[in-house]
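The following note sets out several points on the model for the attention of a colleague. Please read them alongside the sequence and coordinates.

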Amino acid sequence: MNIKVNGKMIEIFSGARVADVLRKYSMISWKQVQNGTKMVCDGHGHEIAHDGELNGGEALCVKIAGKRRAGK
Amino acid sequence: MKRGKRFRIAWFLPLLLLAGLACFSCASLPRAPEEARVVILHFNDVHGKIDNFAKVAARIDAERRGGADVLLLCAGDNFTGNPIIDQYQPPGEPMLELLNRLGVDLLTPGNHEFDFGLENLKRFAARVRFPIVSANIHPQPGSEIPNMTPSRLLTTRSGVRVAVFGLIQIEPGNGLPSTHPDRVRGLNFSEPLKKALEMKPLRRGADVLLALSHMGFEDDVKLAKSMPELDAIIGGHSHTRVDPAETVNGVLVAQAGSDLRYLGRVELLVRGGRVVEKKGGLIDVKELKDEDPEVKAMIERFNDNPAFSRVIVTASFAITGKDALGCLMTDAMRAAHGLDVAFQNEGGIRLRRLNEDITIKDVYTLDPFGNEVIEIAMNAGEMRSLIRDSFLKGNEIDLQVSGLSYTVRTDGELRIQGIDLRGPDGAALAEDRDFRVGLSSYVASSYEFKHRDPGRSLAATTAEALIRFLEGKPDLSIYRGIRRAFQDPPGRNDRY
């Protein structure tokens, strides 16, 4: 299946999770996401967990981790 | 004013009786209130991460005590992701007891609800004290899931009628949810977005129409765009933290991340039989202080799982070294999934030694990452490309293997001169055929190698493969001094 990460098309096995796609996209980005300096969002800008399941055709973006809004 | 109200009641009474005849479940319902506030608490993709349930239970009870019309919905994937809970016997028991204790009103199955097999899901469904909904799971005769219907009409304490239908994702390739096909044998699945449109008539008998979805946020947005009749979509699958809930085409789309880190809260103001205001967001569970002591005790009991210390098999000697352990792990991957060849990177082998009594805990200590088995069709040249990349990572052997052996020939500067592949019989591996190769998801995603087939997840972890293999009581004596990956001439860190 194909997943777009920061505009770059990544071809990966079907059933891949967010972590798999990130590793294939860039090991540096994956490590930054792991250590919390960057975060992963879906195509709508919502944060998505590393073990999130994906369907083909989705888009992800890796960006600098901002401060979260406080929970209720 | 009172007279007018009585008149309205008298006028509507025959209609209500007719409606009651048409819909048994509506017959005993209180009349829908003029105005009511409905709170929908929801969670998804817990994956056996039970530790936050005590806080969540306390918050749910507080909401219920507050007098609002509260519904608690679960958007699927309760199983798989926490070995201590996954190994419980019978499978899924902790989640079953906790969901019953919380007083869930409705659940839709996710793809991981099938991880312990259809028969186990049927047992689970028969024992939960709440209904299950899925409109696009179609059991064949004999495979019916107890208590499961396409939709349900729930009635809140004050009489608001909430129609909910369930949906599960399917993969475009095989039309099945993301699980091993064997686990859903006996079930048919239809395309969820198309099926959802057939649920529009539910709107007529309800004040609120909800989709309880395990399709992922992206598909939930597509559903919202195609079905404005919906008031809200309560979602799961993609582990998306949607805070605040998003409004798409007038439909509120919500999802509460994963692992019970958040509890979703959607609030609907219903007036005159329709939703006039809606909003949603997430409650960060780590900010909650109160815990339900009874639920906390349940969690402690489940976390002290005796099955985790169960001895799977007793070897006649301790299996030591990455070569032997790597051969064992790759043999397990190959045997569990009927593969020709399997590879495992040394970084994924986290023990140096397996003692004679091998327990479930040992397996998860040896292989703790939850990597899944990925099947890829590869020929000899593509396997050489994989081995080449692995060797270049540290100029030494990295990949352990089953189904073949290999030698990386290098010159004095450790430049690769060639890679020889031999089959189990010692003969050179056939160059002109494809092999079914198994890789851990880490290797498949982080190693750079040529392959025409993108591959597919077999929806089972490498650790699960090892447990299955060891439960078959294999001859473990072959792992004494075994080696299948060589460097010629031997490298500086060569263990031989």
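At what angle do α10(B) and α14(B) pack, and how far apart are their axes?

1. In this predicted model, α10(B) and α14(B) pack at an angle of about 85°, and their axes are 8 Å apart. Because angles of 65 to 115 degrees count as roughly perpendicular, α10(B) and α14(B) are described as roughly perpendicular to each other.

2. The contact between these helices involves Leu328(B), Met329(B), Asp331(B), Ala332(B), Met333(B), Ala335(B), Ala336(B) and His337(B) on the α10(B) side. On the α14(B) side, the residues met are Thr462(B), Ala465(B), Leu466(B), Arg468(B), Phe469(B) and Leu470(B). By class, the contact of α10(B) with α14(B) comprises 10 nonpolar, 2 polar and 2 charged residues.

3. Both helices also take part in the largest pocket, whose lining receives at least two residues from each of α10 (322–337) and α14 (462–471) of chain B. The largest share of that lining, 5 residues, is supplied by α14(B). Other elements of chain B that each contribute at least two residues are α4 (83–86), α13 (441–446) and β27 (456–461). Chain A contributes through α1 (18–25) and α2 (27–34), again with at least two residues each.

4. The volume of the largest pocket is about 1400 Å³. Its lining has 49 residues, of which Thr80(B), Gly370(B), Asn371(B), Thr461(B) and Glu464(B) lie nearest the centre. By class, the lining of the largest pocket divides into 14 nonpolar, 19 polar and 16 charged residues.

5. Ala19(A), Leu22(A), Arg23(A) and Tyr25(A) of α1(A) meet Met27(A), Ser29(A), Trp30(A) and Val33(A) of α2(A). The residues of this contact are 6 nonpolar, 1 polar and 1 charged.

6. Chain B also holds an open, mixed sheet of 6 strands in the order β7-β8-β10-β11-β14-β13. β7 (151–155) and β13 (246–248) of chain B stand at the edges with a single partner strand each, so one side of each has no neighbour in the sheet. On average, neighbouring strands of this sheet are turned by 25° against each other, direction ignored.

7. Within the sheet, β11 (residues 232–235) and β14 (residues 251–255) of chain B run parallel and are joined by 4 bridges. Ile234(B) has Ala254(B) in β14(B) as its bridge partner. Helix α8 (residues 217–226) of chain B packs on the sheet, touching β8, β10, β11, β13 and β14 of chain B. The direction of α8 makes about 170° with that of β14(B).

How values were computed: Residues are numbered from 1 along each chain as its sequence is written. Chains are lettered from A and ligands numbered from 1 in the order in which they are written. This is a predicted model: local features need pLDDT of at least 70, side-chain atom pairs count only at pLDDT 80 or more; totals for chains, interfaces and linings use all residues. Side-chain values use heavy atoms; hydrogens and water are left out. Two strands pair if DSSP finds at least two bridges between them. Axes are lines fitted to C-alpha atoms, for helices over the stretch in contact, and angles run from 0 to 180 degrees between N-to-C directions. Contact means heavy atoms within 4.5 Å. On a 1 Å grid over the protein atoms alone, a cavity is a set of points where a 1.4 Å probe fits but cannot get out, and a pocket is an open set with protein on both sides within 12 Å along at least five of seven lines; lining residues have an atom within 4 Å of a point. Grid points are joined across faces, edges and corners, and a volume is the space filled by probe spheres set on the points. Ala, Val, Leu, Ile, Met, Phe, Trp, Tyr, Cys and Pro count as nonpolar, Asp, Glu, Lys and Arg as charged, and the others, Gly among them, as polar. Angles under 35 degrees count as roughly parallel, over 145 as roughly antiparallel, 65 to 115 as roughly perpendicular and the rest as oblique.
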